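Good morning, and thank you for coming.

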Amino acid sequence: MKYSIYFDGSCRPVNPGGVMGVGFLILDENEDVIYSFSDWFDAHPDNTNNKAEALSAYMALEYLFDKSSLEDLENNSVDIYGDSMLVCRRMNSTFENFSGSYAEVAKNLQHLVKNSFSSVVFHWIPREENIE
């Protein structure tokens with residue numbers, strides 16, 4: 001089976017330091033929504049747009065990983081779509097490591113990508129294609 005994840009995140013009304021929002025959809029191969037999630041995190045000096053985007057992708061993949069059997073992990077692939085060029089390129093290893101509050105979340109996401117499904121590929125999409 002092939003899953004698709006759409007993720008997004010933001011930090012508002014100021015970046016950095018604002019309230020951080022995350023959200024994602026997980027679709028099956030028939031494009032049926034199998035899970036959706038959104039939440040807000042209180043304002044904190046370490047909150048950034050980049051951290052919110054990476055955290056959203058991490059939470060989505062972690063949810064799918066936790067709900068999967070060993071057979072699912074070995075035989076299924078995940079395409080992850082987001083409008084964060086930084087997260088998509090970083091997870092596809094075309095950007096070097098970053099520092100700051102984003103780095104820890106990105107490291108955890110990268111570890112999960114490497115140790116979960118048979119294939120996990122990130123795809124950058126324009127913001128207008130990531131509305132839902």
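Two strands are said to pair if DSSP finds at least two bridges between them. Helices (H or I, at least four residues) and strands (E, at least two) are DSSP runs, numbered from the N terminus. This is a predicted model, in which local features need pLDDT of at least 70 and side-chain atom pairs count only at pLDDT 80 or more, while totals for chains, interfaces and linings use all residues. Residues are numbered from 1 along each chain as its sequence is written, and side-chain values use heavy atoms, with hydrogens and water left out.

Let us begin with the sheet. In what order do the strands of the open sheet stand? The order is β3-β2-β1-β4-β5, five strands with mixed pairing. At the edges stand β3 (33–41) and β5 (119–124), each with a single partner strand, so one side of each has no neighbour in the sheet. From one strand to the next, the twist averages 15 degrees; here axes are lines fitted to C-alpha atoms, for helices over the stretch in contact, and angles run from 0 to 180 degrees between N-to-C directions.

With strand β2 (residues 19–27), β1 runs antiparallel, and nine bridges join the two. Within this pairing, Tyr6 has Leu25 in β2 as its bridge partner, and Ser10 has Gly21 in β2. With strand β4 (residues 77–82), β1 runs parallel, joined by six bridges. There, Ile5 stands opposite Ile80 in β4.

The term denotes a side-chain nitrogen of Lys or Arg within 4 Å of a carboxyl oxygen of Asp or Glu. The count by this rule is two salt bridges. One of them joins Lys2 to Asp79, with the closest N and O atoms 3.1 Å apart. Since Lys2 lies in strand β1 and Asp79 in strand β4, the pair ties together parts that are 77 residues apart in sequence.

I turn now to the helices. Which two helices have axes that come within 9 Å? They are α1 (residues 49–66) and α4 (residues 101–114), whose axes cross at roughly 25 degrees. That makes α1 roughly parallel to α4, because angles under 35 degrees count as roughly parallel, over 145 as roughly antiparallel, 65 to 115 as roughly perpendicular and the rest as oblique. The crossing of α1 and α4 is left-handed, meaning that the near helix is turned anticlockwise from the far one by less than a right angle, whereas clockwise would be right-handed.

Contact means heavy atoms within 4.5 Å. Among the residues that α1 brings to its contact with α4 are Ala54, Leu61 and Phe65, and those from α4 include Val105, Leu109 and Leu112. The residues of this contact divide into eleven nonpolar, three polar and two charged. In this scheme Ala, Val, Leu, Ile, Met, Phe, Trp, Tyr, Cys and Pro count as nonpolar, Asp, Glu, Lys and Arg as charged, and the others, Gly among them, as polar.

Finally, the loops. The hairpin of β1 and β2 has six residues between the strands, and Gly17 in the turn has a positive phi of about 100 degrees. Pro13 lies in the loop between β1 and β2, and the peptide bond from Arg12 to Pro13 is cis, with omega near 0 degrees. Pro16 has its place in that loop between β1 and β2 as well, and the bond from Asn15 to Pro16 is cis, with omega near 5 degrees. Glu31, in the loop between β2 and β3, has a positive phi near 65 degrees. Most residues other than glycine have a negative phi, and most peptide bonds are trans.
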